[in-house]
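Student: I have a structure to go through and would like to know what stands behind the terms used for it. Can we take them one at a time?

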Amino acid sequence: MSELMPEHFMFLSAALFIIGMVGVLTRNNVLVIFMCVELMLTAVNISFVGFAWEFNQLTGQIFALFVIAIAAAEAVIGLGIIMALTRQRDTVDINQVRELRQ
Amino acid sequence: MDANLLSSYIFAVVVLNVLLGLMAYMTYFERKVMAAMQDRVGPNRTGPVGLLQPIADGIKLLTKEDIIPKHADRRIFLLAPLLSFVLAPVAAAVIPFGDSINVFGHEVNLYVADINVAALYFLAIGSMGVYGIILGGYASANRYSLLGGLRSAAQVISYEIILGLSLIGVFILSGSLSLVEIVSQQSETLNLGPLQLPNWFILSQPLAFVIFLIAAVAETNRAPFDLPEAETELIGGFHTEYSGFRFSFFFLAEYISMIIISLFAATIFLGGTDGPIRDGVWWLAIKAAIFLFFYIWLRTTVPRFRYDQLMGLAWKVLLPLVLINILLTGFIRLWGLGML
Amino acid sequence: MSLEISQGTPVEISEERALGGSQRQMVLNMGPQHPSTHGVLRVILTMEGETIVECDPVLGYLHRGVEKLGETHRYSQFVPWTDRTDYVAAPSNNLGYILAVEKLCGIEAPERATYWRMIMGELARLASHLVWLGTHALDIGALSMSLYCFRERESILDIFETFCGARLTTNMMEMGGFSREVPEKLPQMVRDFCNMFPEKQAEYEALLSANPIWLSRTRGVGVIEPEAAISMSLTGACLRGSGINYDIRKATPYLYYDRMDFEVPLGTRGDVYDRYLVRMEEMRQSISIIEQCLEQMPTDGPLSLSESPYVIPPHDSVMKTAEDMQRHFIWVIKGFSPPKGEVYQAIEHSKGELGYYVVSDGTPIPYRVRLRTPDFVNLQALPYMAKGAALADVVALIGTIDIVLGSVDR
Amino acid sequence: MAAEVLVFNLLSAVAIVAAAAMITMRNPIHSAIALVVTFVNVAAIFVMLRAEFLAAVQIIVYTGAVLVLILFVLMLVNQDDLPEFHGAKPLQQVFGFGLGIVLLIEIGAAILTRTVVAEPGPWDEQGIAQAGGHIQSIGQVLYSGYVLPIQATAFVLLLATIGALFLGRPDEDEEPTPTRRPVATISLAHTRGADDAPLPQLQAANVKHEAGDRDLIMARDADEFTSIPGEDDEQKERSE
Amino acid sequence: MSSWLFLIPLLPLVAAVINFLIGRWILRDSAQWIATLAVAASFILSIPVMLEIMADEQPLSQHLYTWIPAGDFDIPVTLFVDQLTAIMLLVVTGVGLLVHIYSIGYMHGDPGTYRFFSYLPLFVFSMLMLVMANNFLVLFVFWEAVGLCSFLLIGFWFRRRSAAAAAKKAFIVNRVGDFGFGIGILLIFVTYGTIEYAAVFDQVGDATQTTITVIALLLFTGAIGKSAQLPLFVWLPDAMEGPTPVSALIHAATMVTAGIFVMARAYPIVYESSDAMMVIAIIGAATAFIAATIAVTQYDIKKVVAYSTVSQLGFMAFALGTGAWIAAIFHLVTHAFFKGLLFLGAGSVIHGMHEEQDMRKMGGLKKYMPITYWTFLIGAAANAGIIPLAGFWSKDEIILGTWLYDHTVIMVVAFVTAFFTSLYMFRAVFMTFHGEERFDPEKVHPHESPKVMTIPLIVLAFFALTAGFMGFPPEDGWIHHFLIHSFPGLSLPDVAFSTIAVFAGISTLIALSGLYIQYLAYVKKSISPAGIAGLLGPLYKLAANRWYLDEIYDVLIVRPLVAFSMFLWRFVDAQVIDGTVNGVAALVTYTSSQWRRAQTGLIANYVVMIALGAVIIIGAFMLFGSNLFD
């Protein structure tokens with residue numbers, strides 16, 4: 001492996017994605033889960049950018065750009081919901097939020 | 001390692017050290033100017049006309065006890081000032097201090113790096129710099145500090161947007177994000193009828209310049225936007241609990257960001273090293289000094305904003321203005337290109 | 001950052017209120033060591049974000065038992081203690097107590113002394129207002145203002161120093177007048193100050209009144225409704241800022257204020273800016289009063305009621321006549337005994353109505369001395385104004401009430 | 001170019017370690033800091049992958065805005081109540097890590113057996129240099145083929161802003177504002193705090209204009225501008 | 001011009017949408033101008049279309065988009081304009097424009113104006129699309145759309161119980177016809193494998209005679225509903241509950257003629273089946289006669305005009321059936337003008353009489369509303385077939401057609417009907433405008449309508465006067481040569497002038513006799529209408545009670561239907577279906593209450609499930625979809 005291969009970034013992307021997923025699955029704090037989701041999005045972005053690099057295309061980068069933009073929107077709404085949640089329920093523990101049941 | 005890279009490294013070291021020295025005398029400059037404005041003398045005991053005062057201050061700060069509050073989040077408490085201090089001078093890497101010069105037969109570029117996204121890099125580093133303040137505020141386990149950190153977070157995010165957007169007009173005109181390119185465009189001559197003016201972007205983007213200036217003051221947490229520290233409300237805000245050299249790191253970082261944002265403003269709007277006679281780094285220094293004087297002037301003159309007024313100013317006044325500026329600039333640019 | 005407080009204090013109650021409430025509420029302990037509480041005031045703020053939900057001022061960090069001291073000292077011995085209540089306007093405090101005791105004794109100071117008392121009182125008002133302006137502006141962030149104000153205050157302190165030798169704790173007045181002749185250069189000093197000051201005041205206004213940030217920080221902030229101002233028995237600029245025409249100098253004139261031509265400024269909205277304007281105007285009126293006093297003052301005449309049994313005999317006659325020396329001896333050893341009775345004397349202090357309530361049981365030591373200090377009463381308005389305000393406003397509100405903790409805590 | 005690989009490996013290692021730290025730290029603030037480290041490293045990797053613009057955007061948007069916001073919220077929430085201080089459920093952890101390992105194996109296999117080959121496009125280093133730089137090339141691609149998505153994204157951002165405003169709006173005030181009680185003395189000069197309410201009729205001589213569109217009323221008498229409500233009523237009755 | 005075709009229907013649609021969305025809050029009264037301007041623009045755009053068709057004699061078409069692409073089969077939305085459509089375009093937009101202008105005055109002050117002016121252009125849009133369709137499916141869609149608009153507009157004052165009921169009745173009765181229509185279209189598709197006009201008409205002959213007959217009759221079922229033929233005409237008189245401009249536009253000038261239009265459009269199919277044509281002719285003749293007899297007995301001015309409409313539609317229908325295609329379309333056009341005029345005139349009378357519709361409470365209005373009187377008179381004369389007004393030429397031609405194509409019986413019926421037409425028309429004129437004033441002058445102050453209402457009347461009156469000359473000389477006029485292109489295989493009959501003259505003479509005599517009788521009855525009072533009614537006894541009663549059609553429907557259809565529905569409700573629905581449904585629901589409830597345990601409401605669990613699903617799917621893909629284990 002004397003040169004930068006596509007496998008490099010693919011494994012990096014996979015690793016970050018899986019770490020993010022494990023974080024989502026194991027943590028209780030809504031905010032940490034939120035951060036893990038951001039990490040997963042970034043992992044996907046690495047894939048996009050990496051493939052763009054591999055094939056000398058810019059489409060992947062543009063996709064990543066859109067992902068970042070949407071992630072920003074998601075962050076705004078997500079944090080807004082979390083703030084509303086803490087205001088109403090006084091908690092950020094995901095195990096104490098059961099509103100989805102009804 | 002190729003010679004170009006090496007010379008860049010060397011130049012970076014030079015810039016860093018000059019900045020640190022400048023920063024020390026920035027405090028002296030501030031105190032003297034403030035004293036003059038407030039009918040006082042200012043430092044005059046240490047050395048001739050107090051010239052050794054910054055050094056004395058530095059020694060004092062470094063030898064003072066480093067207090068860490070009991071309930072502080074120790075690791076972050078130690079990390080935060082370093083973060084601030086390290087990130088502050090990094091942004092200077094993209095500022096062009098002139099064309100290349102010949103030193104011992106080597107071409108040495110008078111900038112550390114000419115990257116394609118220099119302006120974005122500057123903004124990115126600026127947006128990272130706030131972490132030191134937020135984390136410092138959080139880690140101190142003091143509610144004043146926490147409030148300072150919170151205020152800083154909200155303030156920097158808001159004004160980062162204004163700062164970035166105010167530059168877009170310049171980018172539209174210059175068609176580049178590279179500061180070297182922007183400076184070289186400003187050294188051209190603008191013919192306005194009988195007038196021959198330098199093509200400085202302050203002339204074509206006056207509104208953007210004013211907004212940039214306001215946002216830059218807010219971005220560096222200086223009066224009248226010094227809410228994160230606000231001595232009379234938050235007793236220093238995020239650095240309430242810091243002492244000794246950790247405090248001096250915050251202190252240094254603030255002054256370095258002031259200097260760098262002044263350099264940046266001079267580069268973007270005032271033509272950088274371009275001057276009426278003998279272009280060179282001295283012109284940049286003079287322009288930056290004007291900005292620094294303006295900073296101090298503001299501090300001695302105006303009261304502090306309230307938090308909601310600060311946010312209102314950003315979102316209700318500056319943001320619409322800056323958007324209008326972008327729109328106008330875009331239309332004028334298209335018109336100039338004959339596309340309208 | 002926990003508060004260590006004993007059981008059952010109001011502080012704890014407010015802590016509990018905060019903790020029992022939502023997580024969004026945060027308790028911020030402002031003071032007693034805080035740069036903008038003007039001393040050792042402690043304010044416990046319950047906040048939601050930057051908005052104040054509850055504001056509890058905690059007093060007593062500078063309590064020295066001044067009233068009790070008044071009951072253990074002879075009438076004349078208590079005068080220096082009054083300096084130490086509102087220490088930024090010491091002559092006014094002297095004046096209030098002296099007037100109360102004089103009323104109790106039924107004596108009145110000679111004309112020239114009364115004019116000088118008025119001059120000193122107005123200068124004290126100016127000195128106090130200058131401290132207020134400087135610190136108030138400093139709290140809001142106008143850094144240079146405090147330095148400018150203290151520069152001018154220096155001239156007033158120079159006058160005090162020339163007059164009595166002390167700058168802060170003047171102790172310049174006595175029953176029946178002044179104990180010393182006025183230095184010759186003093187009238188000229190006062191005149192010079194009166195000539196110099198309006199110019200400087202215009203500078204302050206140029207720096208503040210025209211500043212949009214100052215306006216936005218003060219206008220519409222800390223509104224006190226006139227009804228509320230009355231029901232909280234506020235006095236001074238806090239009351240007049242709300243548009244209520246009550247100035248003791250006009251309502252129940254003391255000294256020669258009925259001879260003076262001056263106007264009482266009244267605010268129209270009752271916010272911080274109105275109180276600022278009222279105080280600024282009061283400074284102009286004070287200058288005018290001082291100038292009128294200097295004009296009307298008789299050039300010579302006694303400065304003290306030397307014949308009265310309640311007054312210490314002048315130094316010269318003590319040295320020359322036996323009666324006076326006897327009187328002096330008794331006056332110094334035993335003090336004087338006013339007739340039995342009680343008296344309340346209020347003066348318009350720079351911060352509001354400063355009242356002294358003195359009860360005499362015929363002994364040289366007062367039975368009871370009660371101080372009605374204006375800023376203690378005015379401080380009630382702080383929680384009223386702070387509710388719903390921002391954190392940054394609290395310092396402006398403390399500033400606008402114009403408290404001196406020595407006077408609040410006594 | 002072994003150096004490139006070395007740098008890449010270094011950056012990736014730091015990123016992965018920081019990411020792992022993020023999910024294991026008990027204190028969410030520490031997690032956030034770890035995430036900052038990851039993001040900065042990812043940005044550096046973007047630079048290596050010819051995506052300077054994205055690197056800058058990554059830093060500005062993710063670390064400069066999103067994570068600052070997260071920190072902001074974290075700091076607003078009382079630390080003592082954070083759930084991680086009470087520990088996670090072991091079953092949850094086993095499940096999470098198990099799934100993670102299975103997915104890692106799957107994706108690893110997929111990467112190693114990857115056969116997809118696409119036609120290389122024109123945007124190699126020369127292509128980008130020809131367009132005048134990275135920004136210019138991104139701009140060309142973005143604004144030639146993706147104008148509608150940009151507008152859609154802008155719309156999404158707008159909606160998100162409105163949504164956030166809606167979510168963050170303050171609760172309605174439940175307490176009714178107390179009604180004013182009549183008191184003994186009412187000043188005619190005061191206009192009840194409203195800055196735009198007209199002043200009562202005053203003689204011009206009594207009004208002093210001050211800066212900031214304010215008037216001061218100059219009283220020369222103790223009785224001016226003050227009425228006692230009871231007296232007024234009596235007078236009214238008498239006149240009636 | 002063909003590239004601008006889409007604007008003709010689009011503008012009214014845009015106006016309708018704008019008015020509907022923001023009319024209530026923002027536009028309010030200005031909604032009427034948007035609608036009127038849009039329809040005016042459509043009308044102006046229609047003129048060059050007409051001119052181009054006249055010049056080129058070639059149909060125009062514009063493909064807009066493909067509506068339903070499904071493999072080989074797709075349904076394009078293509079605008080198609082031939083001679084027939086061009087005439088319809090002008091009629092729809094022209095009369096539509098006048099009605100819009102009229103409505104500005106008529107609807108003034110109504111709180112629902114914005115709603116009215118969004119329905120009305122929507123109707124114009126639907127009608128335009130209906131006539132411009134190039135295949136049966138789009139035709140059907142807009143066929144239903146005009147039905148919907150009709151429903152909405154009849155029930156415009158939905159707070160009025162009778163209006164709501166009338167709207168419902170119109171809608172339901174139309175559904176009966178549309179059901180047949182839909183089946184007809186399906187049958188076309190099944191038979192020919194396509195529903196585009198051109199393709200279908202090319203291969204009409206490929207199907208058996210029976211199939212063609214069935215298709216034609218099924219299509220005619222739709223026309224029976226929409227064009228108010230026997231036995232489904234009962235809805236049309238009730239539809240007069242809607243605002244009068246609606247009656248003029250939809251229930252006289254345009255929508256009800258859609259049935260006639262469709263039959264003309266389907267000419268190649270219908271023409272192939274002589275049986276179907278026979279049925280159409282008989283039904284048309286019966287409708288014309290029955291409606292005319294009813295009209296004579298009615299007292300409500302709008303009902304008279306409504307039954308007149310039904311009768312005239314019958315004329316058109318039997319013209320189609322007898323083979324006088326062009327005459328039918330000719331009559332359609334002239335009828336649009338004079339019937340629109342009559343309705344608007346009636347509306348003007350009603351408006352001037354403060355919403356009074358009963359002719360027995362009118363009389364002598366001539367001096368109060370002269371413009372209305374004269375225009376109404378022109379309309380009535382045109383309808384009655386007084387030479388040389390529009391109705392005379394077209395109606396005479398229809399009657400001539402019956403003789404030409406050897407339908408003697410129908411010819412006799414037609415003459416009788418024409419007599420009745422004259423009777424009821426002049427009865428209405430004389431009762432309303434002549435004679436003594438039977439209204440209460442204290443309460444009612446008749447007045448002439450505002451200019452926005454009278455100007456359309458004058459314009460329409462002008463057309464009612466002159467439109468007939470399109471078809472002059474009979475069977476050889478401009479319209480015949482123009483429309484013949486739409487009816488390939490049809491040739492203009494060569495008729496001797498003497499024949500034409502004889503028929504014209506008879507028609508005129510019949511019309512004038514009707515006029516004279518009514519003149520005697522209501523102006524001179526020498527004949528007592530009541531006496532004649534008593535003389536005719538049961539016959540009069542029959543006509544006055546609308547031939548008991550509503551009652552017959554009630555007994556034959558409504559009551560059994562209600563009874564059956566009750567049965568369905570009480571037993572089938574309540575017992576069988578509900579039982580089943582409830583049982584299933586109970587089962588589902590039970591099952592879900594068990595399953596519900598899986599729904600913890602904990603986001604964490606959901607996330608685990610998502611992750612698990614992802615892992616399984618990727619795993620499955622790796623196992624079966626990749627070359628991993630190859």
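Student: What is C:Val408 in contact with, leaving aside its neighbours within four places in sequence?

Tutor: C:Leu59, C:Thr373, C:Asp375, C:Phe376, C:Leu379 and C:Ile403. Two residues are in contact if their C-beta atoms, placed from the backbone, lie within 7 Å. For C:Phe376, the C-alpha to C-alpha distance from C:Val408 is 4.3 Å, at 32 residues apart in sequence. This is a predicted model, in which local features need pLDDT of at least 70 and side-chain atom pairs count only at pLDDT 80 or more, while totals for chains, interfaces and linings use all residues. Residues are numbered from 1 along each chain as its sequence is written, and chains are lettered from A and ligands numbered from 1 in the order in which they are written.

Student: Why is C:Val408 called buried?

Tutor: A residue is buried if 20 or more other C-beta atoms lie within 10 Å of its own, exposed if 12 or fewer, and partly exposed in between. C:Val408 has 28 other C-beta atoms within 10 Å, so C:Val408 is buried. In chain C, buried residues make up 53% of the 410 residues.

Student: What makes residues 405-409 of chain C a helix, α18?

Tutor: Helices are DSSP runs (H or I, at least four residues) and strands are runs of E (at least two), numbered from the N terminus. Helix α18 of chain C covers residues 405-409, and C:Val408 is found there. Chain C has 18 helices and seven strands.

Student: Why are α5(B) and α12(B) called roughly parallel?

Tutor: Angles under 35 degrees count as roughly parallel, over 145 as roughly antiparallel, 65 to 115 as roughly perpendicular and the rest as oblique. Helix α5 (residues 143-174) and helix α12 (residues 307-336) of chain B pack at about 15 degrees, with their axes 9 Å apart. The two helices, α5(B) and α12(B), are therefore roughly parallel to each other. The residues of their contact divide into 17 nonpolar, seven polar and two charged. Here Ala, Val, Leu, Ile, Met, Phe, Trp, Tyr, Cys and Pro count as nonpolar, Asp, Glu, Lys and Arg as charged, and the others, Gly among them, as polar.

Student: Which elements give two or more residues to the side of chain A that touches chain D?

Tutor: The contact takes 63 residues from chain A and 75 from chain D. On the chain A side, the elements are α1 (6-26), α2 (30-54) and α3 (59-89). The largest share, 21 residues, comes from α3(A). By class, that side has 44 nonpolar, 14 polar and five charged residues.

Terms used. Axes are lines fitted to C-alpha atoms, for helices over the stretch in contact, and angles run from 0 to 180 degrees between N-to-C directions.
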